[in-house]
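Reader: I would like to learn how to read a structure of this kind, one feature at a time. Could you show me the general idea in each case and then apply it?

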Amino acid sequence: MDKKHDKVWQNCLSIIKDIVEWQHFKTWFEPIKPVELRDKILIIQVPSQFFYEYLEEHYVNLLAKTLKRELGKEARLEYRIMVDSGNDKNKPLTMDVPGHGFKTFSNNEMDFPLVVNNPVKNPFVIPGLKKMQIDSQLNPIYTFDSFIEGDCNRVARRAGKTVSEKPGTTSFNPLVVYGGVGLGKTHLVQAIGNEIKRLHSHKVVLYVSSEKFINQFQDHSRNNAINDFIHFYQMIDVLIVDDVQFFNRAEKSQDALFAIFNHLHQSGKQLILTSDKSPKDLEGVQERLLSRFRWGLSADIQLPDYETRMDILEKKMKNDGLEMPKEVVKYIAYNIQSNVRELEGALISLLAQSSLNKREIDLELAKKVLRNFIKTSSREITIETIQKMVCDYYNLPYERLLQKTRKREIVQARQITMFLAKQFTKNSLKTIGEHFGGRDHTTVIHSCQTVKDLMDTDGLFRESVVELQQKVQLAAM
Ligand code: ADP
Ligand code: MG
């Protein structure tokens, strides 16, 4: 039974051999390995994507005819494409693709359904997929012009410029931009994407967060449409994947990223990635992916120094048509050192306060408003500290807290953690969300609200939260 695929394929070959020129037969048919016969579907393994495309283009009629002779009207063909031949550590990676070309095969005298009608679905929901219609998912406000260069980001920014001019053809492929939260990674890679679109309008650019990529992959996987997913991504000329640290432990999604990465890189397409750590320090990501991340250039972004902070503030004020006394700008730049996002946050709060109270911005107001942003004498509590405390309290492994799951205990523990992070740290909702696997600020708002509501209605829940609040408070002293 198990050798049946061999037999079917041998019979096909014996016919093909007579029809196809010897040289061509040797090139295109000998390397094919039959691997499985699943009902009326013969699966053949081919050495590469190119091989598969060539067969589909040139030999689809022949394959269809011969296979139908063997298996009858229902016969179908599927390809298993070798993406990576693997080594002693990693299993070979393959992907299965239905014989798309079969659908163009029409022959009245033998109208058998070799048609595999399985069009590639665009996970970004643009109907009737055409290459140029893919929306880049870029935010046009992120440009090079608004991205201030300083010692902290010079290498990354210049590499980004080079990549924008010549996507896919420099040695900066992939370009990996890494650094802490709020330091401008997303801004920079989006600026690269926008610039490429400006300079090379025919290139298909796509920006995707890792979280979105993983979610899409899981949806497609549930619907048995992984090939659609991979095919879609293989059409992109410039693929930007933000925050790859979130691939941590998403094994299957990593396999998909690996297949897509290889295909794009081989075809001279540009890959741009960001991460909160250097590729060598990323945990929970397969070594074979990490080694590819290191093929190109990894450039870090550091905390901006005082001069850069001044430049960023001044640029931002200029863009928004704002004015304030120089001493106030200096005061902000001097005191807010954590990251650029908080720097912007401080500026915005100050503006809000001044317009709310119809009061000119001066140093006094700045001091008052920024009190909330500036580290005070007591020990600083970080989001990580709170996450660890909640995990200890509920006896949860740290990774579980960040996992995508609907399990109630975990969802609740996570909501409480966000609530406490909001209460006890000076981080913005956005920053808090990012510490929870890249969730967005609305999720954080919702979590805080849920915790407040539950505290009102559920006594036991309230007790736990209060106990945790006390623990955090103690840790801060
Ligand atoms: P990350 O992705 O590293 O967490 P973002 O790219 O989201 O950080 O940046 C946070 C905020 O700071 C954004 O509003 C961004 O525009 C701003 N920003 C960061 N770096 C710079 C810079 N060098 N010049 C101007 N704005 C910056
Ligand atoms: Mg970001």
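**The ligand and its surroundings**

Author: A backbone polar atom of Leu 183 sits 3.2 Å from an oxygen atom of ligand 1. A polar contact here is a pair of N or O atoms within 3.5 Å; within protein, one must be able to donate a hydrogen and the other to accept it, and residues adjacent in sequence count only if both atoms are side-chain atoms. This is a predicted model, in which local features need pLDDT of at least 70 and side-chain atom pairs count only at pLDDT 80 or more, while totals for chains, interfaces and linings use all residues. Residues are numbered from 1 along each chain as its sequence is written, chains are lettered from A and ligands numbered from 1 in the order in which they are written, and side-chain values use heavy atoms, with hydrogens and water left out.

Reader: Which side-chain atom lies 2.8 Å from an oxygen atom of ligand 1?

Author: That is a polar side-chain atom of Glu 344. A nitrogen atom of ligand 1 is also placed 3.4 Å from an N or O atom in the side chain of Asn 153. On its own, ligand 1 has 560 Å² of accessible area, and the protein covers 93% of this; accessible areas come from the Shrake-Rupley method with a 1.4 Å probe, and for residues only the protein chains shown count as cover.

Reader: How many residues are around ligand 1, and which come nearest?

Author: A residue is near a molecule or strand if one of its heavy atoms lies within 4 Å of it. There are 18 residues around ligand 1, and those that come nearest are Gly 182, Lys 185, Thr 186, His 187 and Glu 344. By class, the shell holds seven nonpolar, seven polar and four charged residues, where Ala, Val, Leu, Ile, Met, Phe, Trp, Tyr, Cys and Pro count as nonpolar, Asp, Glu, Lys and Arg as charged, and the others, Gly among them, as polar.

Reader: Which helices and which domains supply the shell around ligand 1?

Author: Helices (H or I, at least four residues) and strands (E, at least two) are DSSP runs, numbered from the N terminus. Helices H6 and H13 (340–356) each give at least two residues to the shell around ligand 1. Domain 2 (154–301) and domain 3 (306–372) each contribute at least three residues to that shell, the domain bounds coming from an automatic or database domain assignment.

Reader: What should I look for in the backbone?

Author: Most residues other than glycine have a negative phi, and most peptide bonds are trans. The bond from Asn 173 to Pro 174, however, is cis, with omega near 5 degrees, and Pro 174 belongs to the loop between helix H5 (154–165) and strand E5 (175–179).

Reader: Where does Lys 358 lie, and what is its phi?

Author: Lys 358 is in the loop between H13 and helix H14 (363–370); although not a glycine, it has a positive phi of about 45 degrees. Lys 358 counts as exposed because its relative accessibility is 75%. Gln 137, in the loop between strand E4 (93–98) and H5, has a positive phi near 60 degrees, and its relative accessible area of 26% is why it is partly exposed.

Notes
Buried < 20%, exposed > 50% of the residue type's maximum accessible area, 1.4 Å probe, protein only.
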